[in-house]
Amino acid sequence: MERIWNYVYYTIFNLYRLLYKFSNYIDPFRLFYKIPKIKKFYAKGGIEDMSKFTEDIVVNNKKYGMNIIIAGIHIGGLLVLLQYGLFNLLQIAIGKSLIQNVWSSGNLYKLFFILSFLILPWIINENFLFKNDKYLKYFEEFDKESKEIKNKWQWISFAIIFGIFTFFILSFIILVKTL
């Protein structure tokens, strides 16, 4: 399970790397970095190619880059969607809408509800991905795999992501029809 979840994370990260690469074709700031005075300014700070620096360090760095942070938010979001779908199934199973009880005014369950939906994904992701930077070890391993294996696991990852979204949406459809 840990390996699969790391591959989903890897796939989301690579998707954002690809989106960044495509967005660079229409990015007007790349032209800004080619102005000689701007190049000279950044060269004084030890940055010869600001576009490459931005891509390698600021955006695509596997430890601190913007894309790894966004992928981390999304991997946590997937677990929240899965959790909420399960909550909807619980409401269907007991035949009562619990969400109205949670959001009623003056109710302390709101805090418990929100924290439970954030703490459980944090615990799962902490143990599967972030503890001792496990994901970096998996990313190195995944980078070395053949293209066929990568493609296979990317399709599996997309299927998992699509499955979670589908489960989440269907849980609402079933909830509305039964309650």
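**Exposure, helix crossing and surface patch**

At 62% relative accessibility, Asn132 counts as exposed (exposed being over 50% relative accessible area, buried under 20%, and partly exposed in between, with a 1.4 Å probe and protein chains only). The model is predicted, with local features requiring pLDDT of at least 70 and side-chain atom pairs counting only at pLDDT 80 or more, while totals for chains, interfaces and linings use all residues. Residues are numbered from 1 along each chain as its sequence is written, and side-chain values use heavy atoms, with hydrogens and water left out.

Asn132 is located in the loop between helix 7 and helix 8 (134-143), where helices are DSSP runs of H or I with at least four residues, numbered from the N terminus. The phi angle of Asn132 is near 55 degrees, a positive value in a residue other than glycine. Asp133 lies in the loop between helix 7 and helix 8 as well, and its phi, near 50 degrees, is again positive in a residue other than glycine. Asp133 is partly exposed, at 25% relative accessibility.

Helix 7 spans residues 109-130 and contains Leu111. Leu111 is exposed, its relative accessible area being 58%. Together with Leu115, Ile119, Trp122 and Ile123, Leu111 makes a nonpolar surface patch of about 500 Å². Patches consist of residues with over 30% relative accessible area and no salt bridge, like charges being joined within 9 Å and nonpolar side chains (Val, Leu, Ile, Met, Phe, Trp, Tyr) within 5 Å. A salt bridge is a side-chain nitrogen of Lys or Arg within 4 Å of a carboxyl oxygen of Asp or Glu. Accessible areas come from the Shrake-Rupley method with a 1.4 Å probe, and for residues only the protein chains shown count as cover.

The axes of helix 1 (residues 2-23) and helix 9 (residues 147-178) come within 9 Å and cross at roughly 95 degrees. The two helices are therefore roughly perpendicular to each other (65 to 115 degrees; under 35 is roughly parallel, over 145 roughly antiparallel, and the rest oblique). Axes are lines fitted to C-alpha atoms, for helices over the stretch in contact, with angles from 0 to 180 degrees between N-to-C directions. Residues of helix 1 including Ile4, Trp5 and Tyr7 meet a set in helix 9 that includes Trp153, Phe158 and Ile161, contact meaning heavy atoms within 4.5 Å.

Helix 4 (residues 50-59) holds Thr54, which is buried at 14% relative accessible area. Residues up to four places away in sequence aside, Thr54 touches Tyr20, Tyr33 and Val59. Ser51 is also in helix 4 and is buried, with a relative accessible area of 9%. With neighbours within four places in sequence left aside, Ser51 is in contact with Arg30 and Tyr33.
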